[in-house]
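Subject: Structure handover

Hi,

Here is the structure I promised you. Please open it and keep it beside this note while you read.

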Amino acid sequence: MSQQNNEAGASASLPEVLTVEEAAAFLRVNRKTLYEAVRLGSVPGVIRLGRVIRINKSALVSWVQGNGGPALGEKR
């Protein structure tokens, strides 16, 4: 199975709004790395509800597919 098909299948089973832990698992990065990227404003679709952070799945998926920049946690 190709990487793109595998990602599409994985994203179909996820809810529309993800926790940071779910998004980190989808991206295959450390949870702390994703929290830092959210803090720096590098991740699209972030929803803040007080201290709670959620990430819009469709914004995250489209960002991953079109992201040609440095990896999360790396400097540009």
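At roughly what angle do the axes of helix α2 and helix α4 cross? The axes of α2 (residues 20-27) and α4 (residues 57-66) cross at roughly 25 degrees and come within 12 Å. That makes α2 roughly parallel to α4 (angles under 35 degrees count as roughly parallel, over 145 as roughly antiparallel, 65 to 115 as roughly perpendicular and the rest as oblique). Axes here are lines fitted to C-alpha atoms, for helices over the stretch in contact, and angles run from 0 to 180 degrees between N-to-C directions.

Before you go on, note that this is a predicted model: local features need pLDDT of at least 70, side-chain atom pairs count only at pLDDT 80 or more, and totals for chains, interfaces and linings use all residues. Residues are numbered from 1 along each chain as its sequence is written, and side-chain values use heavy atoms, with hydrogens and water left out.

Ala-23, Phe-26 and Leu-27 of α2 make the contact with Leu-60, Val-61, Trp-63 and Val-64 of α4 (contact means heavy atoms within 4.5 Å). By class, this contact has seven nonpolar, no polar and no charged residues (Ala, Val, Leu, Ile, Met, Phe, Trp, Tyr, Cys and Pro count as nonpolar, Asp, Glu, Lys and Arg as charged, and the others, Gly among them, as polar).

Now the sheet. It is open, has three strands in the order β1-β3-β2, and its pairing is antiparallel. Strands pair if DSSP finds at least two bridges between them. Helices (H or I, at least four residues) and strands (E, at least two) are DSSP runs, numbered from the N terminus. The edge strands, β1 and β2, each pair on one side only. From one strand to the next, the twist averages 35 degrees.

Look at the pairs. Three bridges link β1 (residues 17-19) to β3. Val-17 has Asn-56 as its bridge partner, and Thr-19 stands opposite Arg-54. Four bridges join β2 (residues 46-49) to β3. Their hairpin has two residues between the strands, and Gly-50 takes a positive phi near 65 degrees there.

Which side chains of β3 (residues 52-56) are buried? Ile-53 and Ile-55 point to one face and are buried (under 20% relative accessible area; exposed is over 50%, partly exposed in between, with a 1.4 Å probe and protein chains only).

Last, α4 lies across β1 and β3, at about 60 degrees to β3.

Best wishes
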